[in-house]
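Here are a few notes to read alongside the model. Have a look at the structure first, then go through the points in order.

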Number of protein chains: 2
Amino acid sequence: MIRLHDLAGADPALRFSPYCWRTKLALAHKGLDFEALPWRFTERDRLPEGHRTVPVIHDADRIVGDSWAIACYLEESYPERPSLFGCETGRAHAAFVNAWADRVMVAGIAPLVVADIWGVIHDKDRAYFRESREKRMGGLLEDVQADRDSRVESFRASLAPLRHVLKTQDFVGGEAPSYADYIVFGTLEWGRRVSEFPLLAAEDAVFAWRERLAAMPVVAAASAPR
Amino acid sequence: MIRLHDLAGADPALRFSPYCWRTKLALAHKGLDFEALPWRFTERDRLPEGHRTVPVIHDADRIVGDSWAIACYLEESYPERPSLFGCETGRAHAAFVNAWADRVMVAGIAPLVVADIWGVIHDKDRAYFRESREKRMGGLLEDVQADRDSRVESFRASLAPLRHVLKTQDFVGGEAPSYADYIVFGTLEWGRRVSEFPLLAAEDAVFAWRERLAAMPVVAAASAPR
């Protein structure tokens with residue numbers, strides 16, 4: 001069975017990494033059994049040599065890190081199982097969605113929930129998290145997160161391309177979810193797992209898409225690995 | 001031969017619609033001969049019934065409008081020719097790139113070149129263009145375009161997802177251009193054809209990608225139809 005190092009909070013059942021969610025959804029889409037081992041930010045010595053961040057998977061004797069590299073590895077290693085990308089061009093186009101999610105979504109969500117993340121992570125991670133994120137974001141976590149009720153509108157506006165494409169297709173992957181859907185879903189899951197702050201408005205087409213995908217067996221399989 | 005209604009400036013050789021460029025590149029990618037008839041904004045009566053904007057193509061007795069619909073039509077009607085999307089999932093993912101180009105790129109470029117567009121269009125189009133665009137953009141065209149030297153930076157920053165994906169692949173379509181590349185290239189061509197204002201910095205990876213694609217036969221074929 002594939003083993004995954006999966007970022008966890010103080011509560012080991014709280015799994016919130018946007019990148020680990022992408023990987024869990026990819027594994028579930030492929031119908032691969034996996035074990036998701038809780039891992040904390042400061043447990044670098046528990047990762048295989050050469051890896052400093054999660055996700056990292058062990059598939060028999062293969063070790064692969066980075067959510068995008070893992071998705072490509074799974075597609076190549078398990079071609080007989082449901083495709084994540086459809087074809088090579090589909091994979092290349094999904095790389096654009098991946099870059100968009102990292103540059104626009106992650107950058108947009110982080111300042112809305114960063115203090116909430118600090119609130120749910122393990123005690124031993126807190127000093128590292130506060131120091132590294134305050135340096136990156138240029139201020140106290142609590143200050144960065146302040147005024148989010150007004151700032152959330154610009155995050156929501158930044159989802160315009162996604163909202164637009166969902167007018168003419170049910171999923172980013174077309175009639176059924178592809179890895180592109182998991183990229184976006186996994187990124188939203190990050191915010192949902194650490195915070196009660198509503199990233200999406202209930203009347204948003206993106207909200208409806210998320211609910212549609214959340215009700216599918218692939219999400220249940222990703223959420224409750226063995 | 002396919003006929004295309006193609007937006008032209010005062011000089012009929014000046015073709016600048018971002019959407020018509022997408023279509024011409026798609027036609028060239030498919031290796032289809034086409035004639036690109038100059039069309040001006042106010043020549044609505046020269047378009048087939050039910051169409052108010054270009055591109056519109058006539059392919060024997062079929063009439064199709066809207067660049068995205070035309071790309072899908074060409075892919076379906078000419079499956080034996082080089083694919084624009086690779087597969088259905090590739091097409092669905094390209095729809096995201098299309099939405100991103102429309103919502104982010106077109107919206108970003110318009111205020112940088114809108115007065116320059118007015119300067120190159122046909123006299124008979126100028127009153128219509130000024131009135132409709134000033135209403136849409138909330139000010140005099142010349143005021144909207146002012147200060148573009150400072151504002152161009154935020155447009156360039158908005159290309160971050162594209163810049164990022166080009167770090168690991170030569171084209172948005174992967175090893176070779178797909179319709180996703182033509183979407184982005186065609187959108188940039190709009191600005192290039194109407195203005196000398198540099199939308200891209202010469203040291204940008206997006207600039208290098210554009211040069212790479214511009215040197216390919218597909219662009220020559222799209223630029224000089226019969």
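1. A word on conventions: residues are numbered from 1 along each chain as its sequence is written, and chains are lettered from A in the order in which they are written. This is a predicted model, where local features need pLDDT of at least 70, side-chain atom pairs count only at pLDDT 80 or more, and totals for chains, interfaces and linings use all residues, while side-chain values use heavy atoms, with hydrogens and water left out.

2. How many residues of chain B are in contact with chain A? The count is 28, against 28 residues of chain A, with contact meaning heavy atoms within 4.5 Å.

3. About 2,200 Å² is buried between the two chains, 72% of it from carbon and sulfur atoms (accessible area, 1.4 Å probe, lost on being put together and summed over both parts). H93(B), F96(B) and R103(B) supply 32% of chain B's share, more than any other three residues.

4. Within chain A, helix α3 (residues 88–120) packs with helix α8 (residues 179–194) at about 5°, axes 8 Å apart. (Helices are DSSP runs of H or I, at least four residues, numbered from the N terminus; axes are lines fitted to C-alpha atoms over the stretch in contact, and angles run from 0 to 180 degrees between N-to-C directions.) That makes α3(A) roughly parallel to α8(A), a label for angles under 35 degrees.

Note on methods
Helices (H or I, at least four residues) and strands (E, at least two) are DSSP runs, numbered from the N terminus. Angles under 35 degrees count as roughly parallel, over 145 as roughly antiparallel, 65 to 115 as roughly perpendicular and the rest as oblique.
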